[in-house]
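Visitor: Could you walk me through this structure? I would like to start with one piece and move on from there.

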Amino acid sequence: MVNDLPNITKVAVSLANHSKMLVLDSLMDKRGHTLLEIARFANIKPQTASYHLKSFIENKWVRKEKVGRFHYFFLISQQVALLIEQFSPIAPCNKTKTKIKAAKAEKAINFRSCYDHMAGKIGVLITDLLLNNSFINETNDGYKVTSKGVPFFEHALHIDLQQTYVKKRKFTVKCLDWSERRYHLGGALGNAVFNAFIKQALIARDPLTKRALFLTKSGKSFLEEELNYPNALEVEGKVIPK
């Protein structure tokens, strides 16, 4: 029996209004969030957030996990995360009405997580530095680790490249950054670099803004010493000492 063609309209309906997109955006840091946290972020009623989440679970975009008395929701579809990032560069931006919202937006534009890898001004900068140091080369649809890059990833970042290669996803992806309009490193390697930066305390998450990231003092030193970036101390954004 032949399956019907993919029902693309179902995807369109699932992304059809602003509150649905905000619910998905609240999960774009790949961490688990409660219903109340999601509703607060999207500025909607918990009942509305629950309705949207139910449809995302039916689409197999989101999963719900119970831990003690709480239920946590996780975005589990990499394709949906990539779709949101690909749509964002061509979507019109609303002007922020308050200083607090403007500050949060500026933080996200400067440095943020793009589902499971680094994005924003600093995320693109890190990708550029990997290219400039010939640790990776650009290909038509991604990036390739060079012979010079192998010891960098394995020793400076402690990434097991062989284990990263065999993951059930693309090894590298050229992810179009919605705020910079340029590519940053995604895919399995992008995720491995992001995890390495977190583990080595080179970056930290903003506790008040869902996806915003900060370079630590160690992170700026890493850019200078390992990625040969002479102006690391001038990189914009708050610095958390480590």
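This is a predicted model: local features need pLDDT of at least 70, side-chain atom pairs count only at pLDDT 80 or more; totals for chains, interfaces and linings use all residues.

Visitor: Where is R181 found?

Guide: R181 lies in the loop between strand 7 (173-176) and strand 8 (183-186). Its phi is near 60°, a positive value in a residue other than glycine.

Visitor: Why point that out?

Guide: Most residues other than glycine have a negative phi.

Visitor: What about K60, then: what is its phi?

Guide: K60 is not a glycine, yet its phi is positive, about 65°. Its place is in the loop between helix 4 and strand 1 (62-67).

Visitor: Is K60 buried or exposed?

Guide: K60 has 67% relative accessibility, so it counts as exposed.

Visitor: Let us change topic. Which residues of helix 8 are buried?

Guide: In helix 8 (residues 149-156), the buried residues are G149, F152, F153 and A156. They lie on the same side of the helix because they cover an arc of only 105° around its axis.

Visitor: How does the spacing along a helix fit with that?

Guide: An α-helix has 3.6 residues a turn, so residues three or four places apart point the same way.

Visitor: What do the buried residues of helix 8 pack against?

Guide: Their partners include helix 7 (120-132), strand 5 (136-138), strand 6 (143-145) and helix 10 (187-199). Helix 9 (161-165) and helix 11 (217-225) are also among them.

Visitor: And which residue with a positive phi follows helix 8?

Guide: That is H158, with a phi near 60°.

Visitor: Now helix 2. At what angle do the axes of helix 2 and helix 4 cross?

Guide: The axes of helix 2 (residues 18-26) and helix 4 (residues 46-58) cross at roughly 70° and come within 10 Å. Helix 2 is therefore roughly perpendicular to helix 4. The crossing is right-handed.

Visitor: Which residues meet there?

Guide: From helix 2, S19, K20, V23 and L24 meet H52, L53 and F56 of helix 4. By class, the residues of this contact are four nonpolar, two polar and one charged.

Visitor: How is helix 2 set against helix 3?

Guide: Helix 2 and helix 3 (residues 35-42) pack at about 125°, with their axes 9 Å apart. The two helices are therefore oblique to each other. On the helix 2 side, S19, L22, V23, D25 and S26 make the contact, and on the helix 3 side I38, F41 and A42. This contact has five nonpolar, two polar and one charged residues.

Key
Residues are numbered from 1 along each chain as its sequence is written. Side-chain values use heavy atoms; hydrogens and water are left out. Buried means under 20% relative accessible area, exposed over 50%, partly exposed in between (1.4 Å probe, protein chains only). Helices (H or I, at least four residues) and strands (E, at least two) are DSSP runs, numbered from the N terminus. The arc is that of the directions from the helix axis to the C-beta atoms. Contact means heavy atoms within 4.5 Å. Axes are lines fitted to C-alpha atoms, for helices over the stretch in contact, and angles run from 0 to 180 degrees between N-to-C directions. Angles under 35 degrees count as roughly parallel, over 145 as roughly antiparallel, 65 to 115 as roughly perpendicular and the rest as oblique. A crossing is left-handed if the near helix is turned anticlockwise from the far one by less than a right angle, and right-handed if clockwise. Ala, Val, Leu, Ile, Met, Phe, Trp, Tyr, Cys and Pro count as nonpolar, Asp, Glu, Lys and Arg as charged, and the others, Gly among them, as polar.
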